[in-house]
Amino acid sequence: MIQIKTEDEIGRMRAAGLVVQQTLAVLRDAVAPGISTADLDALAERTIRAAGAVPSFKGYRGFPATICTSVNDEVVHGIPDRGAVLREGDVLSVDCGAIVDGWHGDSAITVGVGEVAPEHAEMMRVCEESMWAGFAAALPGGRLTDISHAVEVAVRGRGGYGIVDHYGGHGIGTEMHQDPHVLNFGRPGRGPRLVPGLCLAIEPMITMAGADTRELDDGWTVVTVDGSLAAHFEHTVAITKDGPWVLTAADGGAAKLAEYGVRAAVHAG
Ligand code: MG
Ligand code: MG
């Protein structure tokens with residue numbers, strides 16, 4: 001069932017979104033060779049709790065940490081570990097979620113550790129841009145797969161990247177994962193209408209080569225079958241009558257959406 005939010009409820013999701021945004025900003029600054037993913041996890045939990053919020057991943061279906069940290073050929077759902085010390089050139093994806101007053105925010109970034117290979121930096125850039133292309137298609141009156149199609153086109157036009165097809169975006173609200181599932185590929189003009197009050201996490205995952213993935217024995221970590229490196233970006237958006245409002249972006253998505261000729265919804269806060 002799709003949960004449609006009131007403007008007041010979207011405002012509360014914005015509060016959760018900003019906690020996630022601030023936490024990821026702290027983590028981005030902390031990423032450096034020599035730090036462990038467990039260190040980053042502890043920093044994330046402190047930051048979220050200091051903001052009066054609750055980490056949504058911790059305990060989710062038994063997940064043991066506040067963030068997912070996925071390094072190199074790990075795509076998503078990696079578990080922070082004291083022994084996983086970051087090295088120069090690593091590609092690190094961090095996925096973070098927080099709850100404020102029962103409302104969720106969910107966002108992910110991929111960052112290079114120190115200097116990364118140019119082709120890996122380019123993959124990260126393509127992945128992030130494909131996410132924004134998806135938000136630029138998240139327009140009231142459109143259909144769900146307009147987003148999927150926009151993401152796919154933004155990746156396919158840029159090289160031989162794999163688009164991971166086993167995972168995707170999702171509705172979000174009083175639960176982290178709600179209907180509908182948001183594919184990162186497909187034909188436009190299908191699926192549910194993009195109506196004001198629909199809130200979605202859009203999260204492309206791409207790889208340097210093959211799109212096939214498998215789950216490790218820890219029951220969480222998803223890696224590429226061919227060992228190719230992966231990137232993952234995610235933001236939470238609210239569809240409003242005035243356009244998309246990217247709740248986990250500091251500026252609501254205004255600057256990036258403007259590059260696509262789309263006006264982000266203007267809201268106080
Ligand atoms: Mg996430
Ligand atoms: Mg998500």
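A search of the whole structure finds nine salt bridges, a salt bridge being a side-chain nitrogen of Lys or Arg within 4 Å of a carboxyl oxygen of Asp or Glu. The structure is a predicted model, in which local features need pLDDT of at least 70 and side-chain atom pairs count only at pLDDT 80 or more, while totals for chains, interfaces and linings use all residues. Residues are numbered from 1 along each chain as its sequence is written, chains are lettered from A and ligands numbered from 1 in the order in which they are written, and side-chain values use heavy atoms, with hydrogens and water left out. Two magnesium ions, ligand 1 and ligand 2, lie 3.1 Å apart and are bridged by Asp106.

**Magnesium ion (ligand 2)**

- Asp106 (OD), His170 (NE2), Glu203 (OE) and Glu234 (OE) coordinate this ion at 2.1 to 2.3 Å; donors are N, O and S atoms within 2.8 Å of the metal (3.2 Å for Na, K and Ca), and sites may look incomplete because water is not among the atoms.
- Along the chain, the donors of the magnesium ion (ligand 2) follow the spacing D-x63-H-x32-E-x30-E.
- Asp106 lies in strand S5 (residues 103-112) and Glu234 in the loop between strand S13 (230-232) and strand S14 (235-240), so this pair ties together parts that are 128 residues apart in sequence. Helices (H or I, at least four residues) and strands (E, at least two) are DSSP runs, numbered from the N terminus.
- Asp106 counts as buried at 2% relative accessibility, and Glu234 is likewise buried, with a relative accessible area of 0%. Buried means under 20% relative accessible area, exposed over 50%, and partly exposed in between (1.4 Å probe, protein chains only).

**Magnesium ion (ligand 1)**

- The protein donors of this ion are Asp95 (OD), Asp95 (OD), Asp106 (OD) and Glu234 (OE), which lie 2.0 to 2.6 Å from it.
- The donor residues of the magnesium ion (ligand 1) are spaced D-x10-D-x127-E in sequence.
- Asp95 is placed in strand S4 (residues 91-100) and Glu234 in the loop between S13 and S14, so the two tie together parts that are 139 residues apart in sequence.
- With 7% relative accessibility, Asp95 counts as buried.

**Salt bridges**

- Glu45 and Lys58 meet through their side chains in a salt bridge (2.7 Å, N to O). This pair links distant parts of the chain, with Glu45 in helix H2 (residues 37-50) and Lys58 in the loop between strand S1 (54-55) and strand S2 (67-71), 13 residues apart.
- Glu45 counts as buried at 18% relative accessibility, whereas Lys58 counts as partly exposed at 37%.
- A salt bridge also joins the side chains of Lys256 and Glu129 (2.4 Å, N to O). Lys256 in helix H5 (residues 254-259) and Glu129 in helix H3 (residues 118-136) are 127 residues apart, and the pair links distant parts of the chain.
- The side chains of Glu152 and Arg156 form a salt bridge (3.3 Å, N to O). Both residues lie in helix H4 (residues 144-156), four residues apart, about one turn of the helix.
- Glu152 is buried, with a relative accessible area of 19%, while Arg156 counts as partly exposed at 45% relative accessibility.
- Glu45, Arg49 and Lys58 are joined into one network by salt bridges that share partners.
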